[in-house]
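Reader: I'm new to this one. Could you show it to me and then walk me through it?

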Amino acid sequence: MTDLIKQVLDEYNWKYAEGGGTIRVEVDGENASWSSFIRPEGEDSFSYYAVLPVRAEPDSTDSVMRLLHGINYSMRVGSFEMAPPEEQSGSQIMFKTYGLLTEGLISGDPAEAKEIVRRVIAYNMLTMDFYAKYIIKAACGGQVELGEILNSGNGNENERGEEI
């Protein structure tokens, strides 16, 4: 799985570093920049985590949790998560997607397996980029209405506007 992930990252010129059983990718989106990491889980699956550069301030934790819950409810794939708060540094916010490939797919059609990996990674990046500005605003104590976000698009399109 690690080799397949690295092939996809190389094909799209996504820079990465390996260490500690994970692959780290720095992402510069249109609305934010963030760190992400990919954790291969055996031969047929992986998790992809995108981590926002800001943490939810202690006084904004409840509103951020409500916002993330509403966003998660509207999505078909993936979920935003917020770690328990650390003293004085707030709560870490991340978006997680999961990729699972069947054994036959890995051995039978490497091009299709790569496409699935690419879609999981691209979906994560596009989704984080779409929602980041709203979540960062809420994490820093700003007022964000869920309806405003949901009415502005779903964040699930590629650069050509095609749903992924």
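Author: Let's begin with a term: a polar contact is a pair of N or O atoms within 3.5 Å; within protein, one must be able to donate a hydrogen and the other to accept it, and residues adjacent in sequence count only if both atoms are side-chain atoms. This is a predicted model, where local features need pLDDT of at least 70, side-chain atom pairs count only at pLDDT 80 or more, and totals for chains, interfaces and linings use all residues. Residues are numbered from 1 along each chain as its sequence is written, and side-chain values use heavy atoms, with hydrogens and water left out.

Reader: Is Ser60 buried or exposed?
Author: Buried means under 20% relative accessible area and exposed over 50%, with partly exposed in between (1.4 Å probe, protein chains only). Ser60 has 3% relative accessibility, so Ser60 counts as buried.

Reader: Which residue has its backbone oxygen 2.9 Å from a polar atom of the Ser60 side chain?
Author: Ser60 is in the loop between S4 and H2; helices (H or I, at least four residues) and strands (E, at least two) are DSSP runs, numbered from the N terminus. Leaving aside neighbours within four places in sequence, Ser60 is in contact (heavy atoms within 4.5 Å) with Ala138, Ala139 and Gly141. The backbone oxygen at 2.9 Å is that of Ala139.

Reader: Which residue of S6 is the bridge partner of Tyr48?
Author: Two strands pair if DSSP finds at least two bridges between them. S4 and S6 run antiparallel and are joined by seven bridges. In S6, the partner of Tyr48 is Thr97.

Reader: And what stands opposite Met82 in S6?
Author: Met82 belongs to the pairing of strand S5 (residues 79–82) with S6, antiparallel over four bridges. Opposite Met82 stands Ile93.

Reader: How many residues lie between S2 and S3 in their hairpin?
Author: S2 and S3 pair in the antiparallel sense over six bridges, and Arg24 stands opposite Phe37 in S3. The number of residues between the two strands is four.
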